[in-house]
Amino acid sequence: MTNNLYSLLQDRFLAASAKPSLIDAEGHGPTYGQLDDLSARFAAVLRTYGVEAGDRIVVQVDKSVGAMALYLGCLRVGAIFVPLNTAYTAAEVDYFLGDSEPRLFVTRSLRDAAADHVLVMGNTPDSPLWAEALAAEPDPVIAPRSASDIAAILYTSGTTGRSKGAMLSHGNLTSNAQELNRLWGFTPEDVLLHALPVFHVHGLFIALHTAFLSVATTIFVPSFDAAQIKALLLKATVLMGVPTFYTRLLALPDFGAADCGSVRLFISGSAPMLAETHRQFEARTDQIVLERYGMTEAGIITSNPLDGERVAGTVGYPLPGVDLRIADEQGQPLPHDTPGVIEIKGPNVFGGYWRMPEKTAQEFRDGGWFITGDVAVQSSDGRVTIVGRAKDLIISGGYNIYPKEIESVLDAVAGVAETAVIGVPDPDFGESVVALVVAEKTLAPSLADLEACVREQLARFKHPRKIILVEDLPRNAMGKVQKNLLRDLYRDCLKG
Ligand code: MLC
Ligand code: AMP
C-alpha cells in the first residue's frame with residue numbers, strides 16, 4: 001500500500017473523469033480525466049531528465065493549468081516540489097537553488113542557475129516544457145511513497161533573516177486535505193473560486209487539495225481582481241481568500257447579497273481579519289465569513305465551524321486530530337483564557353526544516369510540540385483567539401515578511417549605523433512595511449541608495465513603503481530595540 005498523495009487523488013479523479021477540474025473565467029479547462037493524463041505526461045518528461053523520487057524540482061512559474069499538472073507530475077514521480085513566489089528577485093532565487101540543490105529548475109525565462117537542468121514554462125500550452133509534456137507518452141507509474149516521505153518544501157523566511165525550507169510529507173498533506181474536506185463540507189457540486197497564488201500553502205494545498213479530493217470544479221484565475229471576482233461569484237459556491245480579498249470586495253460600492261446568492265461558504269485566513277471587516281461583510285451580504293488559522297509548517301490548524309457559531313476575531317477550534325496547547329516560554333501549559341504561545345502536534349505538522357537540524361530542534365519541544373510563535377488565548381470550550389505574535393513578523397496582504405531580512409539588506413548599505421523595520425496598520429494589506437534607519441555620524445546614506453539596494457535584492461512586496469531617517473532607536477534596559485514603541489510612534493506615517 002502506498003501513501004503517495006497522488007494515488008488517493010487519482011482514485012477520485014478517475015471516478016469523475018468527465019467532470020471539469022480547473023476552468024478559466026470563460027469555463028474552459030481540462031476535465032479530471034484530462035488533468036490526470038496531463039500530469040502523467042509531465043511525469044514522463046521529468047523522468048526523461050533523470051528525475052527520481054526525492055529529487056527537488058524548484059518551480060517559479062505563473063499560475064496555470066500546466067503548473068498544476070507539473071505539481072501533480074512531481075507527486076507521481078515522488079519528486080519534491082519546491083514552489084517559489086514569482087516576485088522573488090534573482091538574488092533570492094539563487095539562495096533557494098543553492099539550498100535545495102534541485103535536479104530541475106523550472107522558470108519563466110531561461111537564465112543561468114544552479115540546477116542540473118533549467119527548463120522554461122510559461123502560462124500557455126505552447127511554452128517549451130508544457131509543449132514537451134503534451135508531446136510525451138503518459139507515464140502511468142506512481143512512485144510508492146510512505147507517509148513520511150517529503151512531497152514538498154515550502155520556504156518561509158525566518159526571524160534570523162535566512163529562509164527555512166519546511167518539509168511537508170505526503171502524510172502531512174493528505175491528512176490536512178481529508179480533514180478540511182469533511183470539516184468544510186465539500187462535495188462534487190461545489191465550485192471553488194480560486195484567485196490565490198499557487199506558491200504558498202493557502203492556494204496550493206488548502207484550496208486545491210480540498211477541491212481535488214471532492215472533485216469539485218475550480219474556477220482558476222491568475223490573480224485577484226475585485227471586479228472580476230464579484231462577477232465570478234455568481235458561478236461559485238466557495239471563495240477562499242486572504243482578508244485583503246474581502247476588504248477589496250467591500251470597497252466596490254455595488255457589491256452585496258445579490259452577488260453572493262450561489263455562495264455557501266466564504267473562508268478567510270493567512271492573516272487576521274478585522275472584526276470590523278467581518279461585521280461589514282455580514283451587513284452587506286448576509287453571509288458570515290468563516291475564519292481559520294494556518295501556517296506553512298502545518299496547513300490548517302484551527303477553524304471556525306461550518307455549522308456552529310462563527311465568532312469574528314476568533315479562529316475557532318483545533319482541527320480533529322490536532323493537539324493544541326497554549327504554553328509559556330518554557331513550554332508549560334497555561335490555564336484557559338491566559339495568553340501564551342500556540343504549540344501544536346498532529347499528523348499535519350511538518351517534520352522539520354530542510355538541512356537545518358538545529359533550527360528544527362529549536363522550534364520543537366520534547367514530546368513533539370511545534371512552537372508556532374503565535375500568541376493566543378483558548379477558552380474553556382476550546383475556542384482559540386489569536387492576540388499577538390511572539391515572532392517579529394509582518395503580514396502584508398497575506399505574505400509573511402520578516403523584518404530581519406530587510407534590516408540585513410539595509411544594514412549593508414554604506415553609511416547605515418542601524419535599522420529597525422516595523423509593520424504599521426494598512427487598510428488594504430492589513431500591515432505595511434516601514435523602515436527606520438539611523439545613519440553613521442560621518443556618512444549618511446541617501447534614500448535613493450537605500451531604495452536601490454532594496455529593489456535589487458528583495459521582492460517588491462517586501463519593499464518598505466517608507467524609509468525614514470531617524471536620530472536613534474529606543475532601547476530597553478537589555479539594549480533591545482523597542483519595536484512596540486516604534487509601531488505606536490509611526491502607526492500613522494503612511495497616512496495622507
Ligand atoms: C502585491 N504587492 C504587495 C502585495 N501584493 N505589497 C505588499 N503586500 C502584498 N501582499 C505589491 C505589488 O507588487 C504592487 O507593486 C503593489 O504592491 C500593489 O499591487 P496590487 O496590484 O494592489 O496587488 P495585487 O497584485 O492585487 O496583490 C494583492 C493580493 C496579493 C492581496 C491580492 O498580495 C495576494 O494574492 N496575496 C495572497 C498571499 C497568500 O496567498 N498568502 C498565503 C500564505 S500561506 P507596485 O510596484 O505596483 O507598487 C499562509 C498560511 C495560511 O499564510 O494560514 O494560509
Ligand atoms: P505562513 O508562514 O506564510 O504560512 O504564515 C503563517 C502565519 O500567518 C501564522 O503563524 C499566523 O501568524 C498568521 N495567520 C494565519 N492565519 C491567521 C488568522 N486567521 N489570524 C491571524 N493570523 C493568522
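This briefing describes helix packing, strand pairing and aromatic contacts in one structure. The model is predicted, so local features need pLDDT of at least 70 and side-chain atom pairs count only at pLDDT 80 or more, while totals for chains, interfaces and linings use all residues. Residues are numbered from 1 along each chain as its sequence is written, chains are lettered from A and ligands numbered from 1 in the order in which they are written, and side-chain values use heavy atoms, with hydrogens and water left out. Helices (H or I, at least four residues) and strands (E, at least two) are DSSP runs, numbered from the N terminus.

**Helix packing**

- Helix α1 (residues 5-15) packs against helix α2 (residues 32-48) at an angle of about 140°, and their axes are 8 Å apart; axes are lines fitted to C-alpha atoms, for helices over the stretch in contact, and angles run from 0 to 180 degrees between N-to-C directions.
- The α1 and α2 crossing is left-handed (the near helix is turned anticlockwise from the far one by less than a right angle; clockwise would be right-handed).
- Tyr6, Gln10, Phe13 and Leu14 of α1 make this contact with Tyr32, Gly33, Leu35, Asp36 and Ser39 of α2, where contact means heavy atoms within 4.5 Å.
- The contact of α1 with α2 has five nonpolar, three polar and one charged residues (Ala, Val, Leu, Ile, Met, Phe, Trp, Tyr, Cys and Pro count as nonpolar, Asp, Glu, Lys and Arg as charged, and the others, Gly among them, as polar).
- Helix α6 (residues 170-183) and helix α7 (residues 201-213) have axes 9 Å apart and pack at an angle of about 70°.
- The helices α6 and α7 are therefore roughly perpendicular to each other (65 to 115 degrees; under 35 counts as roughly parallel, over 145 as roughly antiparallel and the rest as oblique).
- The crossing of α6 and α7 is right-handed.
- On the α6 side, Leu173, Ala177, Gln178, Leu180 and Asn181 meet Phe205, Ile206, His209, Thr210 and Leu213 of α7; these residues divide into six nonpolar, four polar and no charged.

**The eight-strand sheet**

- Eight strands form an open sheet with mixed pairing, in the order β1-β9-β8-β10-β11-β12-β13-β14; two strands pair if DSSP finds at least two bridges between them.
- At the edges stand β1 (22-23) and β14 (317-318), each with a single partner strand, so one side of each is left without a neighbour in the sheet.
- Within this order, β10 (residues 238-241) and β11 (residues 265-268) pair in the parallel sense over four bridges, and Val238 has Leu265 as its bridge partner in β11.

**The hairpin**

- Strands β18 (residues 370-378) and β19 (residues 384-389) run antiparallel and are joined by five bridges, with Ala376 opposite Ile386 in β19.
- Five residues lie between β18 and β19 in this hairpin, and Gly382 in the turn has a positive phi of about 100°.

**The three-strand sheet**

- An open sheet of mixed pairing has the order β22-β23-β24, and its edge strands β22 (416-426) and β24 (466-470) each pair on one side only.
- Neighbouring strands of this sheet are turned by 25° against each other on average, direction ignored.
- Strand β23 (residues 430-439) pairs with β24 in the parallel sense over five bridges; the bridge partner of Leu436 in β24 is Ile468.
- Helix α12 (residues 403-411) lies across β22 and β23 and runs at about 145° to β22.

**Aromatic pairs**

- The whole structure contains 20 aromatic pairs (rings of Phe, Tyr and Trp, its six-membered ring, with centres within 6.5 Å; planes under 30 degrees apart count as stacked, over 60 as edge-to-face and the rest as tilted).
- One of these is the stacked pair of Phe199 and Tyr399, at 6.3 Å centre to centre and 25° between the planes.
- This pair links distant parts of the chain, 200 residues apart: Phe199 is in the loop between β8 (191-194) and α7, and Tyr399 is in strand β21 (residues 399-401).
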